[in-house]
Amino acid sequence: MCLRDIPKRKQLEEQLLHDAFHDQLTGLPNRALFLNRLAQAIQRTKRYREPSGSYLFAVLFLDLDRFKVINDSLGHTVGDQLLMAIADRLETCMRPGDTIARLGGDEFTVLLDDIKAASDAAQIAERIQQELTLPFNLSGHEVFVTASIGIVLSVEGEATPESLLRNADTAMYRAKILGKARYALFDTEMHTHAVALLQLETDLRRAIERQEFQIYYQPIVSLETGRIVGFEALVRWQHPQRGLVSPGEFIPLAEETGLIIPIGQWVLREACYQMRAWQMQFPRVPPLLISVNLSVKQFSQPDLIEQISQILRETGLDARSLKLEITESVIMEVESAAAKLFQLQALDIQLCVDDFGTGYSSLSYLHRFPINALKIDRSFVLNTGVKDEKWEIVRAIVTLAQNLSMDMTAEGVEVMEQLAQLKVLKCKHGQGYLFSKPVNSEVAGALITAHPQW
Ligand code: C2E
Ligand code: CA
Ligand code: CA
């Protein structure tokens, strides 16, 4: 190589070095450079700790609240323009010495160097949010955005750039949960919570392999005859250390992580097997029914219908003995809900709207979809005396169900007074602690044998 090329080579090297540490789209520092700057800031906290001990910095983690919607509706070019415009706006909020980076997607981070107090970081977060409220004009489209921001402050002791970034991310996530378009300050409680959640998720994955799930059955009673006509299958988790975990604790997480799919399939198969076994052991006219809950994720599976038919074939259970409980959110949020409901109806499977009365006010879906039954949410029945206003809601829903020729189940029946009143209203079915709590298959079998009447 001749000497004359050296400046050129230097230029190229510099270019490559620059590219390795910057985001191509916005020209901002990238994750690698940001972590680098964070590491330096952490070093400074150690250096200045004693004796004056007052060097403080903060990390902001910013995520746009509905970037995907903008990207999907207006296209990637506009999406890119928006990200560049955001980078510009962020820069106007910064002080010299602060670092803004783009981590990727719609995630930005800010290192606020040498602040006086935590409130400085909050103020800057507020200023950013204020700045973002002005509309963006992108290729003729007026676009409004909001952002959720997580804040973490430098602490004494052991912190790594990665752990600080993770904590800022956790706080950002909290801001989203609290309703978006706001900021949240990280605290150790959040960390404990995040770690506990992660642990639960790990345990949950393992629980599937180790088959730690169990089904409890709660009887559903005909209020005409006072006899058990079926059971609702309610999943339980036998955790090796924590004992029996209730679904309220793990179903939301299972739903979020997609683990609900294998768990739900197992529940459906197991419950159908069990009901088929009971039907053969205790022949009744009409045969006992099994109700199984299906969540939004489960219902969204493209092969749901095949899965269910397969399970019915495998277990030999008559489709008419299976009732699926879905919430109003399934009907509203799953795009293919109508088609799926009609397919299920064609198979002779019964469909019940669970937690009725807590969801959407629009009732128009009721006569458009093939729904057989309503299950009024237990909050309307629980602790409700017949003179209560809440009881008027029960009355109204029973009437609604009757007018639509649907069955109606009241959940959360705990005392005799409620039962008597439900009978007066001619509500068809009841379920609740008054009859029995959910019990394991052995106890449920004994209950069928005992053939109680209420
Ligand atoms: P859900 O479908 O509304 O189930 C009824 C819940 O009410 C059950 O809680 C049951 O134990 C409780 N319950 C019944 N009678 C009474 C009563 O008289 N008083 C009171 N206070 N409570 C009563 P559980 O078993 O804790 O289940 C909670 C929720 O978890 C269920 O609400 C359901 O949404 C979900 N879940 C349970 N098993 C499954 C499952 O296999 N798949 C899916 N996707 N969700 C499930
Ligand atoms: Ca249910
Ligand atoms: Ca319910």
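Start with the calcium ion (ligand 2): along the chain its donors follow the spacing E-x60-N-x31-E-x28-D. Donors here are N, O and S atoms within 2.8 Å of the metal (3.2 Å for Na, K and Ca); water is not among the atoms, so sites may look incomplete.

This is a predicted model, in which local features need pLDDT of at least 70, side-chain atom pairs count only at pLDDT 80 or more, and totals for chains, interfaces and linings use all residues. Residues are numbered from 1 along each chain as its sequence is written, chains are lettered from A and ligands numbered from 1 in the order in which they are written, and side-chain values use heavy atoms, with hydrogens and water left out.

**Stop 1: the calcium ion (ligand 2)**

Select Glu232, Asn293, Glu325 and Asp354. They coordinate the calcium ion (ligand 2) through OE, OD1, OE and OD respectively, at 2.1 to 2.3 Å. Now colour by secondary structure; helices (H or I, at least four residues) and strands (E, at least two) are DSSP runs, numbered from the N terminus. Asn293 sits in strand 11 (residues 289-293) and Glu325 in strand 12 (residues 322-327); the pair links distant parts of the chain, 32 residues apart.

Switch to a surface view. Buried means under 20% relative accessible area, exposed over 50%, and partly exposed in between (1.4 Å probe, protein chains only). Asn293 counts as partly exposed, at 27% relative accessibility. Glu325 counts as buried, at 2%.

**Stop 2: the calcium ion (ligand 3)**

Which residue bridges the calcium ion (ligand 3) and the calcium ion (ligand 2)? Asp354 does, and the two ions lie 4.1 Å apart. Asp355 lies in strand 13 (residues 350-356), while Glu411 lies in the loop between strand 15 (407-410) and helix 17 (416-424), so the pair ties together parts that are 56 residues apart in sequence.

Compare the surfaces again. Asp355 is partly exposed at 22% relative accessibility. Glu411 is buried at 7%.

**Stop 3**

Move to the open sheet of five strands, with order 2-3-1-6-7 and mixed pairing. Its edge strands are strand 2 (99-104) and strand 7 (183-185), each pairing on one side only. Two strands pair if DSSP finds at least two bridges between them. From one strand to the next, the twist averages 20°. Axes are lines fitted to C-alpha atoms, for helices over the stretch in contact, and angles run from 0 to 180 degrees between N-to-C directions.

Select strand 1 (58-64). Is strand 1 largely enclosed or open? Seven of its seven residues are buried, so strand 1 is largely enclosed by the rest of the structure. On one side are Ala58, Leu60, Leu62 and Leu64; on the other are Val59, Phe61 and Asp63; all are buried.

- Strand 3 pairs with strand 1 in the antiparallel sense, over six bridges. Look for Leu60 opposite Val110.
- Strand 6 also pairs with strand 1 in the antiparallel sense, over seven bridges. Look for Asp63 opposite Ser148.
- Strand 6 (residues 147-153) and strand 7 run parallel, joined by three bridges. Look for Ile149 opposite Tyr183.

Now show helix 2 (residues 31-47). Helix 2 lies across strand 1, strand 2 and strand 3 (107-112), running at about 25° to strand 3.

**Stop 3: helix 4 and the cysteines**

Select helix 4 (residues 76-93). At 1.5 Å times one less than its number of residues, its 18 residues should span 26 Å; the end C-alpha atoms are 26 Å apart, which agrees. Its buried residues include Leu82, Leu83, Ile86, Arg89 and Cys93. Cys93 has a relative accessible area of 1%.

How many disulfides are there? The count comes to zero, where a disulfide is a pair of cysteine sulfur atoms within 2.5 Å. Cys272 is in no disulfide; its nearest cysteine sulfur, that of Cys352, is 16 Å away. Cys272 is buried, at 1% relative accessibility.

**Stop 4: Ile305**

Finish in helix 11 (residues 304-315), the place of Ile305. Ile305 is buried at 9% relative accessibility. Not counting residues up to four places away in sequence, Ile305 touches Lys340, Gln343, Leu344 and Leu347; contact means heavy atoms within 4.5 Å.
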